[in-house]
Amino acid sequence: MTAPLLALSGLTKAYPGVVANDDVSLTIAPGEVHALLGENGAGKSTLVKMIYGLVKPDSGTMQMHGAAFHPSEPRAARAAGVGMVFQHFSLFDALSVAENIALGMENAPKLRALSKQIRDVSEAYGLPLSPDRIVGDLSAGERQRVEIIRCLLQDPKLLIMDEPTSVLTPQEVEILFKTLRKLSAEGTAILYISHKLEEIRSLCDSATILRLGKVVGHCTPSETSARDMAEMMVGSILKTPLRAGKTPGAVLLDIQGLNAKSPSAFGMPLRDISVQVRAGEVLGIGGVAGNGQDELLAALSGEQPSGAGMIRFKDHDISQLGPIARRALGILAAPEERLGHAAAPDMTLTENAMLTGAVRENLERGGMLDWPAARRFAERIIKEFDVRTPGPGNAARALSGGNLQKFVIGREVLQRPEVLVVNQPTWGVDASAAAAIRQALLDLAENGAAVIVISQDLDELMEISDRFSALNEGRLSEPRPAQGLTVDEIGLMMGGAHGMEVAHV
Amino acid sequence: MVRLEKRPQASQAFSWAAPVLAVLATMVFGGLLFAALGKDPLASIATIFWEPLFGDFAFYYRPQLLIKGAPLVLIAIGLSLGFKAGIWNIGAEGQYIMGAIFGAGVGLAFYPTESVLIFPLMVLAGALGGWIWAMIPAVLKVKFGTNEILVSLMLVYVAEQFLASMALGLLKNPEGFGFPGSRNLQQYPSAHNAELITGSGMHWGVVAALIAVIFAYVLLARHRLGFAIRVTGEAPRAAKFSGVNPVRLVLFCMGMSGLLAGLAGMFEVAGPAGQITIDFNVGYGFTAIIVAFLGRLHPIGILLAGGLMALTYIGGDIAQSQLGLPAAAIQVFQGMLLFFLLAFDLFTNYRLRFGRAEVA
């Protein structure tokens, strides 16, 4: 083995109340694709932030090419040859690709020279991208290329990628992987953060697994099964949700030609969506983020009323009813954004239980609110969905993401919905809690409810959906039975590679 | 190095300690200010806070506390509903003026008829006047997305011009020898908002302020609408998701604050002030903003803050006449109170940490 490019030893970083990294050591060789695996909150992000100079370790040392390496800020890390592509892009919509890249450089050359460099790099690595295009017009996959090219222009020795595939279609993932393999062949090491195990098995040479801030194991992904890696991540045996074979019942929700403008300026309008959901059925809706997921949830929850006759529930036209009237009929929803949308961060769990539970749980009489009853409802959610919190008097923002998610889903499931719409139900939730949430959704369908699960996690959708369809540019594809769908078919439903197939010709 | 660290939960204790600390800090720095002006700081502070309550002439000043405090509390209660929901009515002063003009106008229209119905009619007219003036920024906001802060504030100056025009024109006392100003309602029994108990300072405005406090308390603690107001202030998207109609909420909060400010103006013109004059308004509508925040936007807190602010008004007057403190110094003193309150407020959500910085 060659001399390590980067060696970390004994890195420790504590935040008030939590040790994010505890004595973490790992080495990366030049050209190695190294996976950093772990659940949300395992300490992956903190570790790479230390390497990238965003966070200073409390103790421990880092060495780059055998010399001490203590970046005090990202600029120092970049100068030492570390590049990072963040999960959330930091690009200006109104500027061109070249202008965006120039903004992130210390000594940006003239735009014309830079544009040429961008073209050269993008051709060399099979990442077609025109420097003159406005970033606001690019797809998520193309935006990610801007970030990658921005890093490559600095000729990095180590490229850190934080969950790069969460915004990509399967075809786009393939293109990205080809680029990464090429970089690796040229000697650039890649530190690849993900919790998608199959990806890691196909891409990475080695993997370090973190749990609760500690290194719990190393493995060679190509020789380890996804299940074994998952169990190392979680530290326990995983339960797969069970579902019985069933025949769907009557149509509960009937959506015909749903068009809706987006409430936000950069949102995606819904275009001519037609679908029926039956009692006892789970409809999975996939798609890359930003293709109308939030808007579809708003249209179904009643936050955004739609044109007459577009949405029917049993015999009622509910298109123009508000959220309260829809809840009274039994149509409930849980939005993606937990803090600020599904729950009010600074309010207590009791108050958050009141937020959507007032109508169906009889927490309100003639406009007066029954707080003791709301407290009992919150306690019931906490108990039945295993929400870890000292009690219902705690503020929502004091809960971890996963616990709040359990609370938000539990709040709707316990109200006995006839139709439940959830967006990203297990986002940021640890594997065992995610399994519990999926089981609750399946049980709900078992008992005759119609469940719509909007998610970007394809594995999740395949696991629980009876039928699958995908949102692409605000349009919903024709739903197809989920069993037997291939990854290629799913990718095409999601919009393929957004016209980027020309890469790697 | 000292730095701020966000608390995991807002500190309840600090949320109530902040006003007390703000008052103490205002006393200290106000004292320094008075010392710099060449006055004895302790005597000045004592004059402002002690004299009105327990001094030799307290029998005169104590009723004044109710008279000054009532409009402040009444207006601040209305404002606090909107402020809690993130709806910023800054124009209570204008709504107060319009309430006074509407109320006095209805009363004067009946002059010199005597009837027990006149005063209730004036109350309704005063409420209507304030409500209409607040609905202008409210409707513009919900229809065209205008900024209610600017519109309501600018309407204050329109209302002031309107007031001057009324005092010099339509409502001018025909038997007033050409002086500006309306007839004095204190001399018109059916329209006079007289003291309910002689010498107590207790008039219908004080009663209305106390009712408003109780009403607001029940609304915020127990009613769906109060909950909608609080959720909208904390998380607008969550409020919309739960089913709150933001348009209706803006109309309700603006309307309610205008209505209460209008009532305050009407009680003032029919009682302590007595007549519509060019300089009828003395800034209650603006001071009520300080009162609302000093009282933590909480009804009981506003009641206490209104009393405190009335105290600094009266104490300030005494300090002006007895110690010769300039009026501007008293205003600075009152401004300090809001300034320190906002400063100490930071510690409700943050705490100080001493030590090395984490991120370079």
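Predicted model: local features only at pLDDT ≥ 70, side-chain atom pairs only at ≥ 80, totals over all residues.
Which residue in S5(A) is the bridge partner of A:Gln63? In S5(A), that partner is A:Ala68.

As background, strands of a sheet pair through backbone hydrogen bonds, either parallel or antiparallel.

Staying in S4(A), take A:Met64. Strand S4 of chain A covers residues 59-64, and A:Met64 is in it. Is A:Met64 buried or exposed? A:Met64 has 20 C-beta neighbours inside 10 Å, so it counts as buried; the cut-off for buried is 20 or more. Leaving out residues up to four places away in sequence, A:Met64 touches A:Leu6, A:Phe69 and A:Ala80. As for A:Gly81, it is 17 residues from A:Met64 in sequence, and the C-alpha to C-alpha separation is 9.5 Å.

Next, the other sheet in chain A. Six strands form an open sheet, in the order S6-S7-S8-S3-S9-S10, and the pairing is mixed. Strand S6 (82-85) and strand S10 (214-219) are at the edges. Each has a single partner strand, so one side of each lacks a neighbour in the sheet. From one strand to the next, the twist averages 20°.

Within that sheet, strand S3 of chain A, residues 33-37, and strand S9 of chain A, residues 206-211, pair in the parallel sense over four bridges. One residue pair to look at there: A:Leu37 has A:Ile209 in S9(A) as its bridge partner.

Two helices to mention with this sheet. Helix H1 of chain A, residues 44-51, lies across S3, S6, S7, S8 and S9 of chain A. H1 runs at about 150° to S7(A). Helix H5 of chain A, residues 140-152, packs on the sheet and touches S6 and S7 of chain A. The direction of H5 makes about 175° with that of S6(A).

Now for helix H12 of chain A, residues 371-384. H12(A) has 14 residues and reaches 20 Å from its first C-alpha to its last, close to the 20 Å expected at 1.5 Å a residue. Which residues of H12(A) are buried? They are A:Ala374, A:Arg375, A:Phe377, A:Ala378, A:Ile381 and A:Ile382. Seen down the axis of H12(A), the buried residues fall within an arc of 160°, so they line one face of the helix. An α-helix has 3.6 residues a turn, so residues three or four places apart point the same way.

What do the buried residues of H12(A) pack against? Their partners are helix H11 (349-357) and helix H13 (401-413) of chain A. On the face of H12(A) turned away from its buried side are the exposed residues A:Pro372 and A:Lys383. After H12(A) comes A:Asp386, with a positive phi near 50°.

One more residue in chain A. A:Leu283 is in strand S13, residues 282-286. A:Leu283 has 25 C-beta neighbours inside 10 Å, so it counts as buried. Not counting residues up to four places away in sequence, A:Leu283 touches A:Val277, A:Ile452, A:Ser465, A:Arg467 and A:Pro479. Between A:Leu283 and A:Val33 there are 37 Å, C-alpha to C-alpha, and the two are 250 residues apart in sequence.

On to chain B. Strand S1 of chain B, residues 2-6, is hardly covered: of its five residues, the count that are buried is zero. S1(B) pairs with strand S2 of chain B, residues 350-354, in the antiparallel sense over five bridges. In S2(B), B:Arg351 is the bridge partner of B:Glu5.

Last, the contact between the chains. How many residues does each chain put into the contact? Chain B gives 20 residues and chain A gives 28 residues. On the chain B side, helix H9 (224-234) and helix H10 (236-242) each supply at least two residues. H10(B) gives the most to that side, with five residues. By type, the chain B side divides into nine nonpolar, five polar and six charged residues.

Conventions
Residues numbered from 1 in each chain as written. Chains lettered and ligands numbered in written order. Contact = placed C-beta atoms within 7 Å. Nonpolar A, V, L, I, M, F, W, Y, C, P; charged D, E, K, R; others polar. Expected span 1.5 Å × (residues − 1). Buried ≥ 20, exposed ≤ 12 C-beta atoms within 10 Å, placed from the backbone. Arc of directions from axis to C-beta. Pairing = 2+ DSSP bridges. Axes fitted to C-alpha atoms, helices over the stretch in contact; angles between N-to-C directions.
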